[in-house]
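Here's a quick walk through the strands and how they pair up. Have the model open alongside as you read.

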Amino acid sequence: MVLIRRTWMLLHFWKQIHSVHSTLHLQRHSVAAAAAASLLSQGIRKMSQLHPESAEMVKMFKIGGVPYPSCASIDEARYLSRKTCEKFQLQEEFKGTITEMSVDTPAAAIPVTVYKPEQCDENPAVFVYFHGGGWTVGSRVNADSSLKYISSRARCIAVNVEYRLAPEHPFPACMDDGNHVTSWVLKNRLMIGATESSPVGIGGDSAGGSIAAVVAHEVKPLAFQVLVYPNIDLTYPYPSYKEFGAAEFILSEETIQWFRSQYLPNEKDRIHPRASVVHQPSFSNLPPALFIVAECDALRDDSYEYEKMLRAAGTPAELVLFKGLLHGFFHLPGHYLENCPLAYDHVVRFIQRHGRSSSAR
């Protein structure tokens, strides 16, 4: 009888254990299901934020887009980037001169395209621009339409820079190129059709914005800086990386990490002040800054943070947020027919205000 009772007690004990395990499993499953449902709900809600132009871009990317990390080679990634840019450029006639030039630097000859409109100010501003593309893809084609538009309407001269790309030329090659070309422009304003006293400013989008931000610290004097959704901290600490880092938003976390691995093979360089401009020692005595920001962009918070840092140091800064737009919209005017002209007009007015001033920093 004792043996039977002990056996019964042991069986009852194991039933209780199994019951507890089953309950915990169901609870974990319920929690996981709830978390997945919450994430799906958040994703749907965020996708509903998209402007119709962005929603259409997402639809096209789902049908025929190839994420850069999935490309078989760097050459394939660059080919896809170029074809996308060519597809969505505007065929707007540029009334003026377009001149191909080359800037000799200690490391290489850097090609540049100089746009000078027919209707140019007597003492025109010069706008030196660095295209985007994760320091790895992209070319002057990215910025061709936007610079024709901005140059014509701001009545300024634009210089479109073909800086060297990673991984063949990793950090800090593009920063060196940015410095050398901008310094060359300051010394050779007459050669590009400006005057000796023409104010010189800089700008760029995404990776090009990070180049422009660093150049503003290292080359003087400059009259203004235009930073279009720049990447200012390569440790990626801000909430928007997670908030908009899903593949649906095109510039995914995976793509961001891929770009960084091409550009910064040494992890310790992520906090170098020439790679992550937030680590510069000072943010005062910099040229006035304009930020053009896309709301549904993993890099959105970079602009928020850097604008606050500049303002806190006494550097004039203003930020324009474009609701419902994705990263990359600025160089695709043939698709973003409503929003690109609005963004370009903000840049035009900014150049007109600060490009006619003698208070370069």
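Strand E2 (residues 109-117) pairs with E4 (residues 157-161) in the antiparallel sense, over four bridges. Pairing here takes at least two DSSP bridges between the two strands, while strands (E, at least two residues) and helices (H or I, at least four) are DSSP runs numbered from the N terminus. Across that pairing, Tyr 115 sits opposite Ala 158 in E4.

A word on the ground rules: this is a predicted model, so local features need pLDDT of at least 70 and side-chain atom pairs count only at pLDDT 80 or more, whereas totals for chains, interfaces and linings use all residues. Residues are numbered from 1 along each chain as its sequence is written, and side-chain values use heavy atoms, leaving out hydrogens and water.

E4 also has a parallel partner, strand E3 (residues 126-130), joined to it by five bridges. Over there, Phe 130 has Val 161 of E4 as its bridge partner. Between the two strands comes helix H4 (residues 144-154), and E3, H4 and E4 make a right-handed β-α-β unit; right-handed means that, with the strands pointing away from you, the path from the first strand over the helix to the second runs clockwise.

How well covered is E4? Five of its five residues are buried, meaning under 20% relative accessible area with a 1.4 Å probe, protein chains only. Both faces are covered, with Ile 157, Val 159 and Val 161 on one side and Ala 158 and Asn 160 on the other.

Zooming out, eight strands form an open sheet with mixed pairing, in the order E1-E2-E4-E3-E5-E6-E7-E8. Strands E1 (96-104) and E8 (317-326) stand at the edges with a single partner strand each, so one side of each is left without a neighbour in the sheet. From one strand to the next, the twist averages 20 degrees. In E8, Val 320 is the bridge partner of Ile 292.

Here are the pairings side by side:

| Strands | Sense | Bridges |
|---|---|---|
| E2 and E4 | antiparallel | four bridges |
| E3 and E4 | parallel | five bridges |
| E7 (residues 289-296) and E8 | parallel | seven bridges |

Helix H5 (residues 173-187) lies across E1, E2, E3, E4 and strand E5 (200-205), running at about 165 degrees to E3. Axes are lines fitted to C-alpha atoms, for helices over the stretch in contact (heavy atoms within 4.5 Å), and angles run from 0 to 180 degrees between N-to-C directions.

For the protein as a whole, the count is 10 helices and eight strands, and buried residues make up 52% of the 361 residues.

Key:
Buried < 20%, exposed > 50% of the residue type's maximum accessible area, 1.4 Å probe, protein only.
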